Structures are given as structure tokens and as C-alpha cells.
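Subject: Structure for you to look at

Hello,

Here is the structure I said I would pass on. My notes on what turned up in it follow below.

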Amino acid sequence: MNGAESLVRTLVGGGVNVCFANPGTSEMHFVAALDRVEGMRCVLGLFEGVVTGAADGYARMTENPAATLLHLGPGMANGLANIHNANKASTPMVNIVGDHATYHRRYDAPLTTDIETAARPFSRWVKTSPDTAWNEGSGPAEVPPAAAPGRVSYEMVAEAARVLRSGEPALLLVTGRALRQEGLDLAGRIAAKTGARLIAQGSNARTQRGRGRVFVERVPYVVDQAVKVLAGLKHIILVGSKMPVAFFAYPDKPSLLSPPEAVGHVLARPEEDLIGALAALADELGARSTPAPITNDPPPAPATGAINSEALGRSLAALIPENAIVVDEAVTTGRSFFAPTRSGAPHDWLSNMGGSIGMGMPVATGAAVACPERKVICLEGDGSGMYTLQALWTQAREGLDVTTLLFSNRSYAILKGELANVGAGNPGRKALDMLDLGHPDLDWVGLARAMGVPGARATTMEALNDRLAEGLGTSGPYLIEVVL
């Protein structure tokens with residue numbers, strides 16, 4: 001048994017059962033080993049950013065790592081943006097990067113790079129195993145069970161309870177597993193018992209929401225809006241989260257979004273047991289018997305007329321299927337979607353934790369591999385969609401049940417706002433051209449069809465409602481270009 005097969009058998013023995021791959025010559029022994037070893041599903045991606053993003057989406061839904069297979073350092077570099085996003089989301093992922101044989105590296109062949117140095121800023125653990133591919137291996141290694149999340153100390157629970165009993169304005173700021181139904185139920189009871197506010201981080205890996213669940217708003221992206229939402233707070237209880245920070249620095253605006261006098265109190269760190277921490281805090285406060293503020297509003301009727309963000313949010317709330325998975329990279333267009341969809345059928349909402357665009361379609365691909373029995377809706381901007389549109393090909397090849405709403409405003413709309421926010425002055429023609437995706441216009445229905453995905457274009461809300469119902473009513477991938 002060679003080293004490549006030893007590694008693949010180790011992965012399968014450790015519970016890694018899916019490998020998203022974009023291999024090259026140096027990974028051929030791993031490709032052959034994947035064919036020989038039972039228990040490993042292999043999914044091909046045509047670009048490494050699709051591969052790493054799909055591994056992120058898969059693990060967010062299964063809570064079990066997927067593997068990726070990447071071609072040397074440059075191939076890994078192509079996938080690093082979505083490895084960054086996965087790292088920010090604390091997503092488990094095993095990235096296997098091929099390298100030259102040790103005796104070949106000294107000749108500085110074209111693809112030679114320092115893989116360890118490039119990987120380390122984006123990884124929790126990096127290991128080089130020299131001459132692993134075709135040399136004789138030692139056989140599969142035994143994989144110890146994953147460590148359970150650490151328990152929080154009673155002192156942290158008692159301090160949070162003291163703050164919440166003080167009567168001073170306080171906020172429970174939650175993320176991670178605290179945004180699953182059990183965590184939100186506990187956090188909702190605590191907030192209702194104490195009068196504290198309940199808000200999630202601006203971006204979160206996975207939020208369980210919809211009718212019958214506790215609704216939690218997010219810290220706004222726009223600095224002025226976030227400062228207004230957080231104004232007046234004296235205490236922020238951090239449940240897997242950190243003190244709210246602006247995405248970027250802006251002239252004459254704060255980096256920290258909470259009031260200067262607000263004090264942060266750590267209830268649980270990201271690696272600790274967030275559900276257990278909330279349960280202990282609820283017990284300390286006697287909040288278990290307090291009713292949680294469940295959302296039970298009926299969904300709105302689908303919107304009609306012209307397409308705009310508010311109308312899109314209403315139709316999404318009306319048409320989201322029960323137990324759907326929503327992957328959100330709608331960027332500017334999607335800021336109005338979160339509030340109305342609180343009354344939609346129960347669903348999971350996956351967001352971009354790292355801010356590197358091009359995650360939407362790959363993450364949706366991985367989520368569909370993980371949960372073939374569930375509908376996946378991908379909310380994608382046209383600018384970010386162009387980074388990783390090859391994901392559509394993988395969706396077609398694998399027959400994945402993903403309906404993509406592609407919001408076509410033919411611009412990097414978010415950057416138009418940022419141009420003003422950073423005080424760059426009155427932009428001229430050259431500056432505006434750098435933010436324009438027209439001339440020529442992108443034909444998203446044609447692009448999808450070329451990847452094997454059927455699609456349609458919608459220019460009114462009535463057409464959008466019909467096409468979305470059509471996409472959700474059939475199996476396999478489907479794309480709707482929503483012209484804004």
C-alpha cells in the first residue's frame with residue numbers, strides 16, 4: 001500500500017467520506033487511491049475555489065469535514081479565498097495539496113512553491129509528508145475522536161447573570177452553534193426574562209430561522225446603521241462572538257461599532273460549548289420557564305410589480321420550502337431579505353463569514369451534496385457569481401438540487417457605496433467604469449446553459465415568482481437571472 005492510499009484510508013477511517021477535487025499530475029496516485037478505497041465519494045470541480053467552497057458548505061451542514069484535493073501550490077492559491085472564508089466560519093476541512101517529489105524540488109520546476117508558508121495563515125494545522133504518493137506507506141493511521149467543546153466556567157456564567165440582573169442596557173451577541181434552534185430558544189428565554197436585547201453577528205456560518213423559531217436580527221453591515229442599533233448599550237454578553245467591528249476602516253467613523261462605554265463580557269469562547277453555556281445561564285437566571293419569543297407570523301403573499309430588494313424579500317418569505325437551505329451571497333441586493341424571511345417556512349441560512357466573494361455557488365454545491373433530500377436556494381450577486389460560476393457545472397454533473405437566484409444589476413453595486421464611504425471624492429468616468437459589469441452585458445441564462453444548467457430570466461416579480469416555483473418544483477439545478 002503506497003502513501004497515497006494510506007492517507008485516503010486514514011481519512012475514511014476518521015469519518016471523512018467526501019473529497020472535492022481538482023487534481024493534476026502530482027495527485028494522480030491519490031486519484032487512483034480514491035478509486036480503490038470504499039466509503040469515499042469524489043466530486044470534481046473545475047476550479048479550486050469551487051472545490052474549497054463546496055467543502056465549506058458540506059461541512060457546515062454535516063458538521064463533519066470534507067477533504068479537498070488541490071494541485072500543488074498554485075492550485076491551493078486558487079482555492080485560498082474560500083479556505084479563508086471557511087476558516088473564519090470555523091468550518092472543519094482537510095486540504096490535501098500535492099507537491100513535487102523531494103528529489104525534483106531542487107530543480108525549481110515551474111510549479112514549485114513554498115506550500116507551507118502559503119497555507120499557514122489560512123490553516124489551523126499544516127503538515128508536510130515528504131514522498132507520500134507512490135512510495136510504500138505505513139498503512140492507515142488511527143484517528144482519535146474529535147475533542148468535545150470545552151465547558152465554560154461557573155465564574156463566567158455568574159458574571160453574565162450579574163450583568164443581566166443589573167438592569168443596565170445589555171445585549172446578548174450570539175453566533176456559531178448558539179444560532180441553532182436549541183441555542184436560540186435558550187437565548188430568547190434569557191432575553192425575555194431579563195429585558196436584554198438579542199442580536200447575532202453580522203455574518204454567521206449557519207442560522208436556523210423561520211416560523212416556529214426565535215428570530216434574531218444581525219448587526220448591520222453599514223457603519224452608521226450599526227452604531228445606531230448598538231447605541232446606549234452598557235454591556236455586551238459575548239456568546240462565541242467578539243465585540244462588533246466594522247468591515248473596513250472609514251474616515252471619521254469608528255472601527256468598533258459598540259459605544260465606547262460598553263463593556264464586553266465573555267460567556268463562552270468560539271471553541272467552547274455555546275449551548276451548554278446558554279443552558280447554564282438560563283438556569284442561573286431562572287429563565288427556563290420564560291416563554292421564548294417565537295416567530296409565528298404568517299408568510300406574506302408573493303410580491304408583484306417591479307423588482308426591488310423589498311419585493312424580493314417578500315416573495316422569498318412566501319416561497320421558501322420547508323427545511324430549505326439558503327446560501328446568501330446576494331451582497332447589496334440581499335440586505336433587505338433577512339427581516340421578511342423570518343416568517344418563511346423553517347430553514348437554514350448560510351452567510352459569508354470571511355468576506356471574500358465567490359463563495360455562494362460553491363457553498364450551495366457542497367450543502368446540496370451534504371443534504372440531497374433538502375432544497376437549496378443560492379442568492380448570488382452577478383459580480384461575485386463570476387468568480388466561481390464553474391460551480392454550476394458541478395451541480396449539473398452531480399444532479400444537485402440547487403435553485404440559484406442570480407441578481408443582475410450589472411455592477412459592483414456595493415463598491416459604488418464604498419467609493420463614497422471612504423471619501424474618495426466625486427468619481428469620474430474611469431472610476432465608474434471599474435465598477436460597471438456592462439459593455440458587454442453578461443448573459444447568465446446562456447452561461448448557465450453552457451454549464452448544463454437550465455435557466456430563465458425574470459424582469460417582473462410575477463415572472464420571478466413563477467420561475468422560482470418552477471425551479472423549486474423540479475429536481476436538479478436551475479438558475480433564474482433576476483434583472484434589476
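Phe 20 has a relative accessibility of 2%, so it counts as buried. Please keep in mind throughout that this is a predicted model.

Aromatic pairs

Phe 20 sits in strand 1 (residues 18-22) and Tyr 58 in helix 3 (residues 48-62), so that the pair links distant parts of the chain, 38 residues apart. Tyr 58 has a relative accessibility of 10% and therefore counts as buried.

Phe 247 and Phe 248 form another aromatic pair, and this one is tilted, with 5.5 Å from centre to centre and 55° between the planes. Here Phe 247 has a relative accessibility of 43%, which makes it partly exposed. Phe 248, at 45%, also counts as partly exposed.

There is a cluster as well: ring pairs link Phe 215, Phe 338 and Trp 349.

Helix packing

Helix 7 (residues 154-165) packs against helix 10 (residues 274-285) at an angle of about 50°, and their axes are 9 Å apart. The two helices are therefore oblique to each other. The crossing of helix 7 past helix 10 is right-handed. On the helix 7 side the residues in contact are Tyr 154, Val 157, Ala 160, Ala 161, Leu 164 and Arg 165. On the helix 10 side they are Ala 280, Leu 281, Glu 284 and Leu 285. Sorted by class, this contact has 8 nonpolar and 2 charged residues, and no polar ones.

Backbone points

A cis peptide bond joins His 439 and Pro 440, with omega at about 10°. Pro 440 lies in the loop between helix 16 (429-433) and helix 17 (444-450), and His 439 is placed in the loop between helix 16 and helix 17. His 439 also has a positive phi, about 60°, although it is not a glycine. With a relative accessibility of 74%, His 439 counts as exposed.

Leu 72 has a positive phi too, of about 55°, and it is not a glycine either. Leu 72 belongs to helix 4 (residues 72-88). Is Leu 72 buried or exposed? Its relative accessible area is 0%, so Leu 72 is buried.

Ala 89

Ala 89 is found in the loop between helix 4 and strand 4 (93-97). Its relative accessible area is 13%, and the limit for a buried residue is under 20%, so Ala 89 is buried. What does Ala 89 touch, not counting residues up to four places away in sequence? The contacts are Arg 60, Ala 205 and Met 353. Ala 89 and Thr 132 are 43 residues apart in sequence, and their C-alpha atoms are 30 Å apart in space.

Regards

Notes: Residues numbered from 1 in each chain as written. Predicted model: local features only at pLDDT ≥ 70, side-chain atom pairs only at ≥ 80, totals over all residues. Heavy atoms only, no water. Axes fitted to C-alpha atoms, helices over the stretch in contact; angles between N-to-C directions. Helix = DSSP H or I, 4+ residues; strand = E, 2+ residues; numbered from the N terminus. Parallel < 35°, antiparallel > 145°, perpendicular 65-115°, else oblique. Left-handed = near helix turned anticlockwise from the far one by under 90°. Contact = heavy atoms within 4.5 Å. Nonpolar A, V, L, I, M, F, W, Y, C, P; charged D, E, K, R; others polar. Buried < 20%, exposed > 50% of the residue type's maximum accessible area, 1.4 Å probe, protein only. Phe/Tyr/Trp six-rings, centres within 6.5 Å; stacked < 30°, edge-to-face > 60°.
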